[in-house]
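Subject: A structure for you to look through

Dear colleague,

I am passing on the structure we talked about, and I would be glad if you kept it open while you read the notes below.

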Amino acid sequence: MTRTVYVNGDYVPEAEAKVSVFDRGFLFADGVYEVTSVLDGKLIDFDGHAKRLERSLGELEIGVPLSREDLLEVHRQLIARNELTDGLIYLQITRGAADRDFIYPAADTPQTVVLFTQAKPGLADSPVARTGLKVISIDDIRWGRRDIKTVQLLYPSMGKMMAKAAGADDAWMVEDGVVTEGTSNNAYIVKNGKIITRHLGTEILHGITRAAVLRFAREAQMEVEERAFSIEEAQDADEAFITSASSFVTPVVEIDGATVGTGKPGFVATRLREIYLDESRKKSV
Ligand code: PLP
């Protein structure tokens, strides 16, 4: 089956899905994105992603090209047209196409809007959730507005390559001696039953999964502390884990070669994954 992609108002076969070489997303990484997971044909936390998208656009003074209702309809159309059961919907909005100039083009330049599906059968049943991830630490040399979900993903991509070369699964980024976040996820440790994750700010992306997981943890009477931690503290923790829209809650069992806790996925990460998946499925749209 040929994948159907959404480009600027049209649903087209993927081979016909094209944007201009003058697109500012291509020339300046002048665009933002969202990834929303789909389980059983339904969207997980669509509202959270739509809200963050509007914030990212606002921070960059890019206009909002589609209402939340229209955006939901495009997501639903793509799920239906691609018969998607489990997978992801990638959405990207750029400032549009204009002759190359650092200065933003006129405000009435139409934004470029692209959405496509990625089928991931068994997304919620990933084997790595049962074995855990190995991560390495790398310097965080990204720009200072990591709270905006821009398409500048070269350094996260390099970080994943560094992890691969080191025989690990992913990398946690470190700045001023403390962990900011994973290359494409938020980072957590658990010590004496307390869940510790970096506080929000411009240094990290405000994960939609992070917000939901912390809410569920507090509702389940688990203690949460939002503060930075070092790699040494993480290596000495009882458990570690990551969250993201595509990995939900996934345990981390090794950091820079040091085993975390028992070296197996811990109780807190495993329980939070179950709660997150159960509750998010209930509210999926
Ligand atoms: N941090 C970074 C740098 C990310 O790229 C992502 C997701 O892509 C996250 C955190 C997790 O965010 P979310 O839970 O909204 O997927």
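This is a predicted model: local features need pLDDT of at least 70, side-chain atom pairs count only at pLDDT 80 or more; totals for chains, interfaces and linings use all residues.

Helix α6 itself covers residues 208–219, and its 12 residues reach 17 Å from the first C-alpha to the last, which is close to the 16 Å expected at 1.5 Å a residue. Several of its residues are buried, namely I208, T209, R210, A212, V213, L214, F216 and A217. R218 also has its place in helix α6, but R218 counts as partly exposed because its relative accessibility is 41%, which falls between the 20% limit for buried and the 50% limit for exposed. If neighbours within four places in sequence are left aside, R218 is in contact with V224 and E226, and with E226 there is a polar contact of 2.9 Å between the two side chains.

Turning to the chain as a whole, the domain assignment gives domain 1 as residues 4–123 and domain 2 as residues 128–282. The C-alpha centres of domain 1 and domain 2 lie 26 Å apart, and the contact takes 22 residues from domain 1 and 21 residues from domain 2.

In which order do the strands of the open sheet of 6 strands lie? The order is β2-β1-β6-β5-β3-β4, and the pairing is antiparallel. The edge strands, each of which pairs on one side only, are β2 (10–13) and β4 (42–43). Within this sheet, strand β3 (residues 31–39) runs antiparallel to strand β5 (residues 87–94), and 8 bridges join them; as an example to look up, G31 has T94 in β5 as its bridge partner. Helix α2, made of residues 46–59, packs on the sheet and touches β3, β4 and β5, and its direction makes about 180° with that of β3.

T112 lies in strand β6, which covers residues 112–119, and T112 counts as buried because its relative accessibility is 8%, under the 20% limit. The side chains of T112 and D23 are joined by a polar contact of 2.4 Å, and, with neighbours within four places in sequence left aside, the residues in contact with T112 are N8, V19, D23, Q92, I93, T94, G96 and A97. The other one, T4, is found in strand β1 (residues 4–7), and T4 has a relative accessibility of 15%, so T4 counts as buried as well. Under that condition on sequence neighbours, T4 is in contact with Y11, V12, L78, R81 and N82.

Finally, there are some parallel pairings to trace. Strand β7 (residues 133–139) pairs in the parallel sense with strand β14 (residues 248–255) over 3 bridges, where K134 has E254 in β14 as its bridge partner. Strand β7 also runs parallel to strand β8 (residues 170–175), to which 5 bridges join it, and in that pairing the partner of I138 is M173 in β8.

Notes. Residues are numbered from 1 along each chain as its sequence is written. Side-chain values use heavy atoms; hydrogens and water are left out. Two strands pair if DSSP finds at least two bridges between them. Helices (H or I, at least four residues) and strands (E, at least two) are DSSP runs, numbered from the N terminus. Contact means heavy atoms within 4.5 Å. Axes are lines fitted to C-alpha atoms, for helices over the stretch in contact, and angles run from 0 to 180 degrees between N-to-C directions. Buried means under 20% relative accessible area, exposed over 50%, partly exposed in between (1.4 Å probe, protein chains only). A polar contact is a pair of N or O atoms within 3.5 Å; within protein, one must be able to donate a hydrogen and the other to accept it, and residues adjacent in sequence count only if both atoms are side-chain atoms. The expected span of a helix is 1.5 Å times one less than its number of residues. Domain bounds come from an automatic or database domain assignment.
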